[in-house]
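The following paragraphs lead the reader through a protein structure, from a single residue to the meeting of two chains. Please keep the sequence and the structure in view while reading.

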Amino acid sequence: MNWDDKSDADLVRLFKSGEPAAFDAIVLRFQDRVFRLACVWLYDEQSAADVAQEVFVRGYSGLRLFRFRSAPFTWLYRTTKNVCREFNRVRRTEPLDHEPVDTSATPERHVANYQGARRVRELVATLPKRQQEVVMLRIFEDFSVRETAQAMGCREGTVKALLHKAVKQLKLNNDGAGYDRE
Amino acid sequence: MMVQDTIVNRELDQLKRGYRDIHAPAYLATRIRTAVAGRGARSHRWIWVTAAAAIVAVAWLLPNLLQRQPAVSPGASRPSFSTLAALRPATPAVKTPGLSQLRSVTMPAMSPRPQLKPHPESTKPQTRLHIDDAYLEEKDHAHV
């Protein structure tokens with residue numbers, strides 16, 4: 001079966017109807033997005049991989065009960081956010097020396113991932129939490145306003161207002177940084 | 001202002017490209033598959049084991065609990081409302097007499113009404129002329 005032709009909802013529907021291969025397709029389709037979000041929120045790649053694994057393990061039981069009130073990735077996004085929060089809470093109590101180091105990824109890929117995540121993190125770190133989330137979803141993840149509202153559990157108008165404020169703040173930051181690009 | 005917008009947009013585009021270039025490691029899908037398989041099998045086993053343990057525990061505990069129940073002092077346990085509702089006041093063993101029985105009861109004859117003996121002078125006290133002198137004596141015991 002060609003899974004690429006199927007929509008996200010179709011994949012979940014097939015998985016719910018007892019097609020185990022559909023779950024593999026879901027993992028392959030969403031793993032990069034989940035991993036990216038976790039990279040930005042967790043500061044290191046190994047933890048991001050652990051989080052992505054936990055998200056999909058939860059998804060295996062959670063998506064069976066999915067009711068299609070929102071897009072499947074909205075559900076995965078919320079789960080990712082929760083798992084990252086739990087992960088950060090646990091990690092705060094652990095010493096940093098015990099963090100595992102990922103040796104399987106190539107050094108180039110590791111550096112690219114690290115740089116990309118670090119720059120996005122630095123950018124959004126200047127914003128309040130809600131604005132960070134809007135920027136991540138609306139700008140970096142290309143969510144629609146509606147999907148962003150569903151993922152954040154607020155109204156579409158709130159998303160628009162938050163995005164407006166965030167972009168304004170980013171412009172101010174740009175001014176303050178003293179860019180001279182003309 | 002326009003220049004600022006352009007700079008910010010360009011900056012964001014660049015960051016977006018960098019962000020989109022982040023890819024999950026190749027081993028992740030295999031790792032997820034293994035974790036899901038392990039977690040799924042383990043969770044099913046856990047459910048069955050727990051259910052079996054619960055049934056065994058209930059089957060073992062229930063007879064013990066039922067046997068112990070009479071040993072509990074009556075004062076400690078409260079009667080339920082249904083028990084209280086079932087209680088009725090004890091009825092007397094004597095049978096209520098019927099109406100016909102009541103009518104047939106014979107009462108003993110009453111003694112004859114006592115009659116005053118006629119006074120030698122007059123039967124009416126107010127017409128008697130003889131008054132005892134003792135009544136006319138002044139009584140001063142109230143002033144003592």
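This is a predicted model: local features need pLDDT of at least 70, side-chain atom pairs count only at pLDDT 80 or more; totals for chains, interfaces and linings use all residues.

When its neighbours within four places in sequence are set aside, Ile26(A) is in contact with Leu11(A), Val12(A) and Phe15(A). Ile26(A) also belongs to the largest nonpolar core, which has 56 residues. Together with Phe35(A), Ala38(A) and Ala52(A), Ile26(A) touches the most other members of that core. Helix H2(A) makes the greatest contribution to this core, giving 14 residues. Domain 1 (1-95 + 104-125) and domain 2 (126-177) of chain A each supply at least three residues to this core. As a general background, nonpolar side chains in soluble globular proteins tend to be buried together.

Of its 182 residues, 40% count as buried. Among the contacts in chain A between residues at least 6 apart in sequence, 58% join residues at least 24 apart.

How do two of these helices meet? Two packed helices are described by the angle between their axes and the distance between the axes. Helix H2 (residues 20-42) and helix H4 (residues 72-92) of chain A pack at an angle of about 35°, and their axes are 10 Å apart. The crossing of H2(A) and H4(A) is right-handed. On the side of H2(A), the residues making the contact include Phe30(A), Val34(A) and Trp41(A), while H4(A) contributes, among others, Phe73(A), Tyr77(A) and Phe87(A). Sorted by class, the contact of H2(A) with H4(A) has eleven nonpolar, one polar and one charged residues.

Most residues other than glycine have a negative phi. Phe68(A), although not a glycine, has a positive phi of about 60°; this residue is found in the loop between helix H3 (45-62) and H4 of chain A. Phe68(A) counts as exposed because it has 11 C-beta neighbours inside 10 Å, and the limit for that class is 12 or fewer. Asp142(A) likewise is not a glycine and has a positive phi, of about 55°. Asp142(A) is found in the loop between helix H6 (129-140) and helix H7 (145-152) of chain A, and is exposed, with 12 other C-beta atoms within 10 Å.

Finally, the two chains meet. Their contact takes 33 residues from chain A and 25 residues from chain B. On the side of chain B that touches chain A, helix H1 (2-20) and helix H2 (27-68) of chain B are the elements that give two or more residues. The residues of that side divide into 15 nonpolar, four polar and six charged.

Notes: Residues are numbered from 1 along each chain as its sequence is written. Chains are lettered from A and ligands numbered from 1 in the order in which they are written. Axes are lines fitted to C-alpha atoms, for helices over the stretch in contact, and angles run from 0 to 180 degrees between N-to-C directions. Helices (H or I, at least four residues) and strands (E, at least two) are DSSP runs, numbered from the N terminus. A crossing is left-handed if the near helix is turned anticlockwise from the far one by less than a right angle, and right-handed if clockwise. Two residues are in contact if their C-beta atoms, placed from the backbone, lie within 7 Å. Ala, Val, Leu, Ile, Met, Phe, Trp, Tyr, Cys and Pro count as nonpolar, Asp, Glu, Lys and Arg as charged, and the others, Gly among them, as polar. A nonpolar core is a set of buried Ala, Val, Leu, Ile, Met, Phe, Trp, Tyr and Cys residues joined through C-beta atoms within 7 Å. A residue is buried if 20 or more other C-beta atoms lie within 10 Å of its own, exposed if 12 or fewer, and partly exposed in between; C-beta atoms are placed from the backbone. Domain bounds come from an automatic or database domain assignment.
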